[in-house]
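Subject: Structure for you to look at

Hello,

Here is the structure I promised. Please open it and keep it beside this email as you read.

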Amino acid sequence: MKGYYIYTYGCQMNVHETEKLAGILQDRGYELVDNVENADVVVFNTCCIRESAEQKIMGNIGAIKPIKKNKKDMIVAVCGCMAQQKDMASNLRKKFPFVDIVFGANNIEFFGEYLDTYLEQKKFLNKVESDKQYTENIAGVNYVRDNPLYAYVNIMYGCNNFCTYCIVPYVRGREKSRAPEDIYREVKTLIDMGYKVITLLGQNVNSYGLDGNTDGVNFANLLKNIANFDGNFELRFMTSHPKDLSDEVIEVMASNDKISKSLHLPVQAGSNKVLKAMNRSYTKEAYLTLIDKIKTAMPSITLSTDIIVGFPGESDEEYQETVDLIKKVQYHNAFIFMYSKRKGTIAEKMENQVPIATKRERIHNLLEIQHEISEQLFNKMVGTTQRVLIDSENEKGYVAKAQCGKVVKLTKDAKLKIGEFYDVEITDYKKGNLIGNAKL
Ligand code: SAH
Ligand code: SF4
Ligand code: F3S
């Protein structure tokens, strides 16, 4: 039996695409191995959202060189967002002559054909197509999902927003919504197979259907229709762009028990000047009004966000507005990044780049403030009832997850079932985990 090994970097989109790559490989008789040294095919499914991601990937590709020296027939493929960048395929090949196949983020599903061609010709293949749009031929794609309870489902590809710091629209192309019937069919199959948490994926799920590909079905309709499916499951989605999160979506979320009461709503910055320079199309005030609406409709909601510190031109005062905003909103979780210059983006050419020392100072400061907020909010959950899904069990008890993704530990006093939802009374918050007892 031949073996494969896949390195996955970046967002949920890539995690899901790796499931597709794994399906393609398994269909061809390859088996997952737990050590790259035993692999016949190695794939790097890459990300280029920040420079640090690229550096790490380059280092990991470089580490394959001595392995391939001892295993000449090993096939090394690089795909995904990093590979999609202009001239990247030839640069990669120059830097790493042992790389055999390079293909982009938009032709993942053709990997099988590339592999066949390579095996026949044994010649370097550059399959990056700069103007390729994602065209999904879902029929026949065998996803290998490695978690039996949680499943990702793509509802759209690409991004039209062109936030000035972001490379995603350049490497993933324009927004393209999948047909609602295809999504319904996939979700129903997953529910029948026993998946319990379905997460709908898109760079900006709220603009689902705006491209006219869905016969008038918008994101709120899609959510509502899926939430009405029979079965015991929970529905989540990401990512929501604040600029077009509609009242209708909030209403659908609030009135459906199957939709998770947790929302990732990236704000990026707290200053209107910075938000404008980022091309985010909303103001701090509009964002805060939206948060109020969401909290009023769903008082138990847990919120999370993404934040960039040190965007070009961000002054100390403007940074302080981000601090004020996170204190006001009270996120359970925030992913905080230092601005990273990305080639070809508008912000790359902005002159007033912030020194790295300042970015470091801001990120440390903000992480500390957010940590305190998170700790307070999770401590406040003590005494509440949370719906959790049991993931696994060990000698000490059961490990579950709350709707916001937080780990909840349960004792073994009562016999519970892995893969079932339970209402749990939270009794403590210790070392970053919630502790509780199932209410039976
Ligand atoms: N589509 C999603 C986010 C995708 S990228 C959205 O719009 O919310 C995930 C996060 O990476 C972004 O929210 C942003 O906070 C961060 N990010 C994107 N480009 C970046 C850059 N050049 N430097 C630092 N962080 C960046
Ligand atoms: Fe990037 Fe903005 Fe699109 Fe998100 S919405 S992927 S941050 S351009
Ligand atoms: Fe990275 Fe591409 Fe996702 S750049 S964050 S893997 S869309």
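Which residues surround ligand 2? They are Cys159, Asn161, Phe162, Cys163, Tyr165, Cys166, Val168, Pro169, Gln203, His241 and Arg280. A residue counts as near a molecule or strand if one of its heavy atoms lies within 4 Å of it.

A word on the basis. This is a predicted model, where local features need pLDDT of at least 70 and side-chain atom pairs count only at pLDDT 80 or more, while totals for chains, interfaces and linings use all residues. Residues are numbered from 1 along each chain as its sequence is written, chains are lettered from A and ligands numbered from 1 in the order in which they are written, and side-chain values use heavy atoms, with hydrogens and water left out.

**The ligands**

The shell around ligand 2 has 7 nonpolar, 3 polar and 1 charged residues. Here Ala, Val, Leu, Ile, Met, Phe, Trp, Tyr, Cys and Pro are nonpolar, Asp, Glu, Lys and Arg are charged, and the others, Gly among them, are polar. Around ligand 3 sit Cys11, Asn14, Cys47, Cys48, Ile49, Cys81, Arg172 and Gln203. That shell divides into 5 nonpolar, 2 polar and 1 charged.

**The sheet**

Six strands form an open sheet, in the order S2-S1-S3-S4-S5-S6, with parallel pairing. Strands (E, at least two residues) and helices (H or I, at least four) are DSSP runs, numbered from the N terminus. Two strands pair if DSSP finds at least two bridges between them. The edge strands are S2 (30–32) and S6 (125–127), and each pairs on one side only. Strand S4 (residues 75–80) is joined to strand S5 (residues 101–103) by 2 bridges. Val78 has Val102 in S5 as its bridge partner.

**Helices on the sheet**

Helix H1 (residues 12–27) lies across S1, S2, S3, S4 and S5, at about 170° to S1. Helix H6 (residues 111–121) lies across S2, S3, S4, S5 and S6, at about 155° to S5. Axes are lines fitted to C-alpha atoms, for helices over the stretch in contact (heavy atoms within 4.5 Å). Angles run from 0 to 180 degrees between N-to-C directions.

**A helix pair**

Helix H8 (residues 180–193) packs on helix H9 (residues 219–227) at about 30°, with axes 11 Å apart. So H8 is roughly parallel to H9 (under 35 degrees; over 145 is roughly antiparallel, 65 to 115 roughly perpendicular, the rest oblique). Pro180, Ile183, Tyr184 and Val187 of H8 meet Leu222, Asn225 and Ile226 of H9.

Best wishes
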